[in-house]
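Subject: Structure for your reading

Dear colleague,

I am handing over the structure below and would be glad if you looked through it alongside my notes.

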Amino acid sequence: MTPSLTELCATYCDRGFLTGVPALDPEELMSLTTHPKVLELIKGILGPNVTLLDSCFICKYPIKQKSHEAACGKQQNSSTPCGELQYHSAPCGGQHNHGLPFVAWHQDIRYWGFEGGSVASVWLAMDDVDRENGVLQVIPGSHHQGLLPHITSPRLGNMLTANQEIPEHLLNTSEAVECPLQAGQMSVHDGLTVHGSEPNLSTRRRCGFVIRYVPTSAYPVKDPDRPRTFNAIVLVSGVDEYHHFPNNAPNLQ
């Protein structure tokens, strides 16, 4: 029998914690990643047979402007979900934002150990996104260039865990476009699309639910240069004729 609210609150006051409290069922947990409006577009891009690679929240919080001298101080690391973003400090002399957290130009596929299909990355906006709070910037058509070289970033403040970036001489950054969003809207980009973002200089958070999808034809590879693996994914549309990954779909019965 499920305890009453009064019993739960009394237990919390007595013991200082609660666990095993019914909240959402598995179908509700999956509802954002399988929402019809999201999957309709994803199936149009990747085809009818789609698997969920992973999902997580990423938040880019406002930062306070700091002096160049402060930026050259001790190393600061602040982890964020999803495993790809982490604030790296670097030697003095970094250009642009003097150590304020930014995301350098990069391609997602550079870090992920799979082949055989394209990844579609969704940013489902929890907050309004604009230039002031660090809007996503993409270089249109860059996914046609294939995987580009990534080097250790010389700039202070790069949030990518590997502290890498694509050298700007390989890119036509003058063609970059911003992807502003209102809360509830989404953006989608290919795993080979070059993208990045500037610091959040506003007083507002920029938070999004990131969802990554691949066609069922995608398969894992062991590549030390692309160490991130995905051992268990979820089929969210169609059929999986390949079974390259273990299916970790929840039991919705």
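A residue is called buried here if its relative accessible area is under 20%, exposed if that value is over 50%, and partly exposed in between. Please keep in mind throughout that this is a predicted model.

With that cut-off, I109 counts as buried because its relative accessibility is 11%. I109 belongs to the loop between β2 and β3 (114-115), and, leaving aside residues up to four places away in sequence, I109 touches F114, V119, G191, L192 and R226.

Strand pairing

Strand β1 is mostly covered, with nine of its eleven residues buried. β1 pairs with β11 in the antiparallel sense over ten bridges, and in that pairing K60 stands opposite R206 of β11. β1 also pairs with strand β13 (residues 234-237), again in the antiparallel sense, over three bridges, where V50 faces S237 of β13.

Elsewhere, an open sheet of four strands runs in the order β2-β10-β5-β8, with antiparallel pairing. β2 (103-106) and β8 (177-178) stand at the edges of this sheet and each has a single partner strand, so one side of each is left without a neighbour in the sheet. The partner of β2 is β10, to which β2 is joined in the antiparallel sense over two bridges, with S197 in β10 as the bridge partner of V103.

Salt bridges

Which salt bridge involves D54, and how far apart are its closest N and O atoms? D54 forms a salt bridge with R212, and the closest N and O atoms of the pair are 3.4 Å apart. D54 lies in strand β1 (residues 50-60) and R212 in strand β11 (residues 206-215), so the pair ties together parts of the chain that are 158 residues apart in sequence.

D127 is buried, with a relative accessible area of 14%, whereas R205 counts as partly exposed because its relative accessibility is 36%.

R204 forms a salt bridge with D130, the closest N and O atoms being 2.9 Å apart. Here too distant parts of the chain are linked, since R204 sits in the loop between β10 and β11 and D130 in the loop between β4 and β5, 74 residues apart. R204, at 28% relative accessibility, counts as partly exposed, and so does D130, at 27%. Salt bridges with shared partners also bring in E132, so that D130, E132 and R204 form one network. For the structure as a whole, the search finds six salt bridges, among them the pair D54 and R212.

The surroundings of E165

E165 lies in strand β7 (residues 164-165) and is buried, with a relative accessible area of 8%. The side chains of E165 and S153 are joined by a polar contact of 3.1 Å. Not counting residues up to four places away in sequence, E165 touches A104, W105, P149, H150, I151, S153, P154 and R155.

A nonpolar patch

On the surface, Y12, L18 and V21 form a nonpolar patch, and together these residues have about 270 Å² of accessible area. L18 is placed in the loop between α1 (5-15) and α2 (26-29), and L18 counts as partly exposed because its relative accessibility is 37%.

With best wishes

How values were computed: Residues numbered from 1 in each chain as written. Predicted model: local features only at pLDDT ≥ 70, side-chain atom pairs only at ≥ 80, totals over all residues. Heavy atoms only, no water. Patch = residues over 30% accessible without salt bridge, like charges linked within 9 Å, V, L, I, M, F, W, Y side chains within 5 Å. Areas by Shrake-Rupley, 256 points an atom, 1.4 Å probe, with all protein chains shown as cover. Salt bridge = Lys/Arg side-chain N within 4 Å of Asp/Glu carboxyl O. Buried < 20%, exposed > 50% of the residue type's maximum accessible area, 1.4 Å probe, protein only. Polar contact = N/O pair within 3.5 Å; in protein donor to acceptor, adjacent residues only side chain to side chain. Contact = heavy atoms within 4.5 Å. Pairing = 2+ DSSP bridges.
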